[in-house]
Amino acid sequence: MKIVKRLLKIVFALIGLLVLIGIITLWVDSSGTNYLEINKNETASNNSYLIKKVNVIPMNQDTVLVDKMVYIKKGVIEKIADTIEVKGIEIINAKNKYLTPGLIDMHVHVWDRYELGLYLSNGVTAVRNLWGMPMHLRIKEDVMEENIFSPSFFTTGPKLTGSEFIGDDNLNLSNPSEAKDKVVEYKDRGYDFIKTYYGLDKEVFDAVIEQAKISEMDIVAHPSQKVPFSYHLNPQIKSIEHAEEIVQQPLQFDLDTLKLQAVIDSISASKHTSYSPTLTVFHNIYQMMMDDDILDSESLGYMNPLIKMDDSKRQFERWFNAKQEDPTTVERIKKQHDFHMNIVNKLHEAGVPIICGTDGGIGVTLPGFSIHTELAFYKEAGLSNYEVLKTATVNASRTHSMMNQLGTIEEGKIANLLLVDENPLFKLSSLKKPTYVFVKGRKLNRETLDSFNEKAKNRKNLVATALRYLENLVIEK
């Protein structure tokens, strides 16, 4: 009996030690991102300004409002006019630079708070996170309470899948009652949207849609192969993700433009449906097959270290092995990417709202930086610069009612803005390094934004990320 007691004491002591180590690890990681705390940055704590001599690109119409003044009051655009007089307020001379709405990335996977700085540095002032975990609810709370510098933050709950689609990244649903309960639970816990994924059959999917409507939660759909593709055009589903899903499901990998047109026509007939192509993440499969040293590239230092060690490595090995087994795989992937560009062109011609999403944060798709690659693909697909910008501004903001206060420069809208040197309607690349980023009216200069990049590069928070992921497995499973 004494031996058993001693063993139990040792076990409990070890458990206590592990818990203590975990707490210290998370505290150290949290301290590493304190540069994002608003109260520690006096120069950027002000959220009321008068900007003069600025050329405004409002994005509610294809025009430039030349030499205007913009009054930002407590994080909101109060007035836009030729002349504005406000006493006792800081005045910013824009020196004829261009003011645009901040960019919105509608498909990201956030793994830590360092990534919030990476998004801001690249002009992304709002993100839609599509794989929700408890840590995202904490980020959302800090953003809403304006404790940290961050893009406006919206998140789905965990990915809802069918019972047989096993994986620690999925919440498996086995029956309609469970499906309804999960929608209610995610609403109560504070998630903004529901994300549906592979493996949902009609009975369970119907239950998700029915409860989402009752709970007033929009659905974001990564299409399920167990229902027809047209099923995802339900009014409760506000956006469909990934151009490759059109190839994989309704086209059955047949890159046929005539068959494609029928699918495009069905999507365009659904007036409530937006499409997020995420061309970048698929194209990065091709990049991995073309560059055997991609995992050692300097740019991969911006990826979360756990993701780089696990997901990036697994994806690289998968496609490296695929090209070794069949060298024609490289050309097949490139051909499919080119077909995705055609999909974007056809969606645009049919009037389907395209919303910019990158799938940033997984594989080798960098958070923040990748949005400029995505926008460039839309340009290559045949959209004008104005139409490209719409995908990451006004189109995105119209997808969900809770995002309506973003996406354009109008009186009453939230002051998520970029000040750039050149007109992006002529030069899209001017968006890559904004002179200033305004997030809820708070001004971040280029020096501060560059420091966000440096803080995130080659960060050492693998264990902390693993602990937060473990928290998700314990709570959701």
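## Strand pairing

Strand β11 (residues 219-221) and β12 run parallel and are joined by three bridges, where strands are DSSP runs of E of at least two residues, numbered from the N terminus, and two strands pair if DSSP finds at least two bridges between them. V220 has S239 of β12 as its bridge partner. On to strand β13 (residues 274-276), β12 again runs parallel with three bridges, and S239 is partnered there by S274.

Because four of the five residues of β12 (residues 237-241) are buried, this strand is largely enclosed by the rest of the structure; buried means under 20% relative accessible area with a 1.4 Å probe, protein chains only.

## Basis of the model

The model is predicted, so local features need pLDDT of at least 70 and side-chain atom pairs count only at pLDDT 80 or more, while totals for chains, interfaces and linings use all residues. Residues are numbered from 1 along each chain as its sequence is written, and side-chain values use heavy atoms, with hydrogens and water left out.

Conventions: Buried < 20%, exposed > 50% of the residue type's maximum accessible area, 1.4 Å probe, protein only.
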